[in-house]
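Me: I have just opened this one and would like a guided look. Could you take me through it step by step?

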There are 2 protein chains.
Amino acid sequence: MEAVPERISVQTNVLNANQQMAAANREQFAGHGLLVMNLMSAPGAGKTTLLEATIKALQGQFRLAVIEGDLQTDLDAQRIEALGVRAYQITTGTVCHLDARMVARALDVFPLNNLDLLVIENVGNLICPASFDLGESLRVVVCSVAEGPEKPKKYPVMFNKANVVLINKIDLAEASGVDLKELAANVREVNPHATIFAVSSRTGEGLTTWTKWLQQAVEVHASAAMVSV
Amino acid sequence: MEAVPERISVQTNVLNANQQMAAANREQFAGHGLLVMNLMSAPGAGKTTLLEATIKALQGQFRLAVIEGDLQTDLDAQRIEALGVRAYQITTGTVCHLDARMVARALDVFPLNNLDLLVIENVGNLICPASFDLGESLRVVVCSVAEGPEKPKKYPVMFNKANVVLINKIDLAEASGVDLKELAANVREVNPHATIFAVSSRTGEGLTTWTKWLQQAVEVHASAAMVSV
């Protein structure tokens, strides 16, 4: 019975230490006037493919780089680099999320100057990444239609903390028997404030609305950073 | 820099404590001659729907019960009970996996007599549940075609420890642009010994092969238990 408070106390210490490190990262990002996006989802929701499509749409509009988080393999960093975008791979081994310290270490070797947007693609996990602030200012959760409509209710912490929810693979809605309106209503139920986009990386549907919004977010962030200097 | 060994040591202690508790669960299961299946997957891979289909196919063939693990909600336990099968819901709060202690507590109030099969449906997570033995003898991983072909390579621990891999939602293979042979080869690469079934809960394709295999596994387990008494 005593194991439970012990576990909570260890977890609280870990999260407090992470919060301090995240604040240091956030300060570093602000110093560079950089918008930082933490991109999160369950495994296979299509984060990397969506990121590739986003990069293709926005390349030339502003300067971006990517930090990839995975348990194993640098497959995702390779895919991003193939588009001519600088990418850094963090492999976490058995750790199921990125934390602020891992990102801080990456920043030691990954220059932030001459960038407008840094995307951090988290480990595929709909639970723990939600609890680890990396110092980002934009939290984007990708949710695949094929996962069914009730995921926001079952993983409320992740959805509740999102600034943006990208409902992805909408081309599979009919084949999956999933009602997009029901899924969006479930997002709304746990997070009335998130901006929701319905997209498909495969067909391109909805992508322009999302990438235009992102471009604007980068521009607004950059002008706010200029004012605050 | 000292945080890393500290974290590893905490994790090792947690896993050792879990191992002891799992051994106690395993003994209890063996005492009842019970086959226990730990059913794991990423969020939205279709564990519960597949379990519903499996129950419908096998109800009347043997006696089964289900323990459901979720962060929040008892939606899944309700779905199982609607089929007339006894179900117990563990809600883990923010904990991203079931552990042996949570299962042991459920067993205090969930009678195991008069059962042939106990299914424990884990929290939707392709990472941490792989590291927490619950005392089961059968580890089944469900993998949705819509997650893409490379998940076994990116989440190798989960796939490496599986006895059975159920490739689910095969009706979405064409619409998702996923080659089933490539996905199966990637499972084989990290786990040459797993038994692989390709199924669709929606269309029913492949389900009979899986449920027949499971029925046989229950029968073999029951007769082995009789011999060992």
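Me: Let's start with salt bridges: which residues are linked with A:Asp70 in a network of them?
Reply: Bearing in mind that this is a predicted model, A:Asp70 belongs to a network of salt bridges together with A:Asp76 and B:Lys154.

Me: How many salt bridges cross the interface of chain B and chain A?
Reply: Four salt bridges are found across that interface, and one of the salt bridges in the model is between B:Asp76 and A:Lys154, whose closest N and O atoms are 2.5 Å apart. Over all chains, a search of the whole structure gives 16 salt bridges.

Me: Which salt bridge does B:Arg202 form, then?
Reply: B:Arg202 pairs with B:Asp171, with 3.6 Å between the closest N and O atoms. B:Arg202 sits in the loop between strand 7 (195-198) and helix 9 (207-228) of chain B, and B:Asp171 in the loop between strand 6 (164-168) and helix 7 of chain B, so the pair ties together parts that are 31 residues apart in sequence. B:Arg202 counts as exposed at 54% relative accessibility, whereas B:Asp171, at 27%, is partly exposed.

Me: Back to the two chains: what rotation superposes chain B on chain A?
Reply: A rotation of 180° does so, with 0.0 Å of shift along its axis and an RMSD of 0.0 Å, which is the relation of a two-fold axis. The copies meet through the same surface, because 100% of the interface residues of chain B are also interface residues in chain A.

Me: How much area do chain B and chain A bury between them?
Reply: They bury about 3500 Å², 57% of it on carbon and sulfur atoms, and 46 residues of chain B are in contact with 46 residues of chain A.

Me: New topic: where is A:Cys96?
Reply: A:Cys96 is in the loop between strand 3 (87-91) and helix 4 (100-109) of chain A, and it is buried, because its relative accessible area is 6%, under the 20% cut-off. Leaving aside neighbours within four places in sequence, A:Cys96 has contacts that include A:Leu71 and A:Cys128, as well as B:Ile127 and B:Cys128.

Conventions:
Residues are numbered from 1 along each chain as its sequence is written. Chains are lettered from A and ligands numbered from 1 in the order in which they are written. This is a predicted model: local features need pLDDT of at least 70, side-chain atom pairs count only at pLDDT 80 or more; totals for chains, interfaces and linings use all residues. Side-chain values use heavy atoms; hydrogens and water are left out. Helices (H or I, at least four residues) and strands (E, at least two) are DSSP runs, numbered from the N terminus. Buried means under 20% relative accessible area, exposed over 50%, partly exposed in between (1.4 Å probe, protein chains only). Contact means heavy atoms within 4.5 Å. Copies are superposed by least squares on the C-alpha atoms of residues with pLDDT of at least 70 in both. Buried area is the accessible area (1.4 Å probe) that two parts lose on being put together, summed over both. A salt bridge is a side-chain nitrogen of Lys or Arg within 4 Å of a carboxyl oxygen of Asp or Glu.
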